Amino acid sequence: MMPLREWLKPPRTLLAILFLVTLVSVSALGWLGWKLLDQERAVEAQRAHERLEQAADRAAALVRGALAETGERLGTWLIVPPQKGKPDEGLLLLVADGSLSALPRRRLLYHPAMPFAPDDPANAFADAEVLEFQQALPALAIEAYRRLADSKNAAIRAGAMIRLARVLRKANRTEEARAAYLRVASEARTSLATGAAGGEVATAPVGGVPAGLIAQHALSELSGLSTDAEALKKDLTEGRWPLTKGQFEYYWSEAGRLTGMATPPPADAAAFSNVVAQSWKQISQEESPRGQNTVWIADHPWFLIWRSVPGRKAVLVTRPESLLGAIHGTGDVLGAALDGEGRVVAGGRSQTGYAAVRTPAETHLPWTLYMTSAQSVNEAGMLSRQRFLLLAVALMVSFLIAGAYFIARAIRGDLAVARMQSDFVSAVSHEFRSPLTSIRQLSELLAFDRVPNESRRQVYYDTLLRESTRLQRLVEGLLNFGRMEAGVRRYRFEQLDTAALVARVAAEFEPQATASGRRIQMDGCEEHCTIHADPEAMSVALRNLVDNALKYAPDCPTIEVQWGVERSRVSISVRDHGPGIPASEKRAIFRKFVRGSAAEAANVKGSGVGLAMVQHIVAAHGGGVTLASEPGAGSVFTILLPLGARQT
């Protein structure tokens, strides 16, 4: 990436204009994207509102249909009770002539109000009980109870057998007592299972408790078996006998005691039984032929719907969710039904966002329906479109910024190239001007015979030869660099001795170094190491490095040239003790027309293609050029070439 100080170089006006145009374009795109998102949000909000309104209308229609269907079924059940175990969604209570029956029976563990049912009104057991309790004649009491146990009256028969078993237990006649209890239990089970006449044995009260329950409990105590106690518990959960709440709780605790494991009754049945018990007064006193109501028991809502005709009533007790399942929306729509006090009867609602409301006056339902969105409008319907729109705007902004960046970089690069080319032309012109001026002046002196003596004439001739050779090298160097850039430079490879190559190049610079009071120090391995290279090209590369060392380190008395073998490669190093090269310039100085800050500081003239030419030549020979330099500590340029052949 181009450093900031490079961006701040002239022309600042052009870059400022480009920056402002880019900023305005990005701002316009951002504003347009925001407006599109805002418009999309408004459209999606309207769509969400419409979806909620439609969902509210649909839910109200479905709930009305469910209530109407339930009412029709209740009307049918008034005439023909449903099959055993129905309905599945709640508890059906059938009230007729003061009696109460429940379907499914297992959901009503105890009856809310039991009518008073005394034992035999003729007091059939009075004489036998006098023999049992007052006269303490158990044998005579047993005979009296046996005669009563053969009565055709089921209630008398049930009471007599229970009392007979009781006396037998007190007389320690356990097996006979068990037989008496079994007779009651078997007769009760048979009558309850078949529905035959004589079913009164199961429910005939003995001391206010059904005879069958007393017999089952006594058998469990006599046997001491957990299976009998479990059977008792099962009979209690299936609602086999009409019990009061107190009777159920007592015998349930007894069943737990006999099994050795106290467990609560089934939660579902206990909940239904509790609702019926607390709502029985309303159910029994309601005189309207049809109706519905929501009651709250222990902070839980329950729904009661009834139909009645004179002398008969059918009541369905159920949870509101079973009838209000239609209010549950799909996807992100939440539905809720609220009672008159604002309590949620079924479903759920969001506290944020838009809500579609249907009041009881509009729907003729006992609840207020709320349809709300589970998510905000921004999340509910436009997430995918927002993502696409944001992505499109972001891509456009990115492309715009990237385009502006590359345009600015291209402009800056072209300007930098133009500046370097201008500097190159200026530097080359200066390089040409110096030898041309010398050649012209000396030629005029010789042409007009202004030479004072022959020795001076020879000096002029030597100078002309040196300057013309210098000019030739400048021209050839530029031509060679042009051919290298175009890729048409041809190399003639041959085996070269590295020491001889270094010595030849150093000899060329010896007069210049001596004239300035400096010297070129050469140091290499004693072995002869050869390279496969073009002699002229490698001389040009090494000459450039030595020339740079002499130019950029004018105060350094010694220029060191070393060669040797490193890791199967020949290395030729040129070291100076000049100002060094900053780390930020180490890569740039190998590019064409680039001259380091040291050249500008020391006002050293040059074309800026020397190091680029060195890199081209060495790369064509399969090698590389490295630079080790620190500001103030000098520089070391090293040419690394493949080892040709080693001779000892």
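This is a predicted model: local features need pLDDT of at least 70, side-chain atom pairs count only at pLDDT 80 or more; totals for chains, interfaces and linings use all residues.

Trainee: How many salt bridges does a search of the whole structure find?

Mentor: The search turns up 20 of them.

Trainee: And why do side chains pair up like that at all?

Mentor: Side chains of opposite charge can pair when their charged atoms come close.

Trainee: OK, what does Asp150 pair with?

Mentor: Asp150 bridges to Arg183, and their closest N and O atoms are 3.8 Å apart. The two sit in distant parts of the chain, 33 residues apart. Asp150 is in the loop between helix H4 and helix H5, while Arg183 belongs to helix H6.

Trainee: Is Asp150 buried or exposed?

Mentor: Asp150 counts as exposed because its relative accessibility is 58%, and the cut-off for exposed is over 50%. Arg183 has 35%, so Arg183 is partly exposed.

Trainee: New topic: which residue does Arg319 meet in a salt bridge?

Mentor: That's Asp268, at 3.1 Å from N to O. This pair also links distant parts of the chain, 51 residues apart. Arg319 lies in the loop between strand S7 and helix H12, and Asp268 is in helix H11.

Trainee: How accessible are those two?

Mentor: Both are partly exposed: Arg319 has 32% and Asp268 has 30%.

Trainee: What about Glu176?

Mentor: Glu176 meets Arg173 at 2.8 Å, N to O. Glu176 is partly exposed at 32%, and Arg173 is partly exposed at 33%.

Trainee: Last one: which residues are linked in a network of salt bridges?

Mentor: Arg169, Glu221, Glu254 and Arg257 are joined that way.

Methods
Residues are numbered from 1 along each chain as its sequence is written. Side-chain values use heavy atoms; hydrogens and water are left out. A salt bridge is a side-chain nitrogen of Lys or Arg within 4 Å of a carboxyl oxygen of Asp or Glu. Helices (H or I, at least four residues) and strands (E, at least two) are DSSP runs, numbered from the N terminus. Buried means under 20% relative accessible area, exposed over 50%, partly exposed in between (1.4 Å probe, protein chains only).
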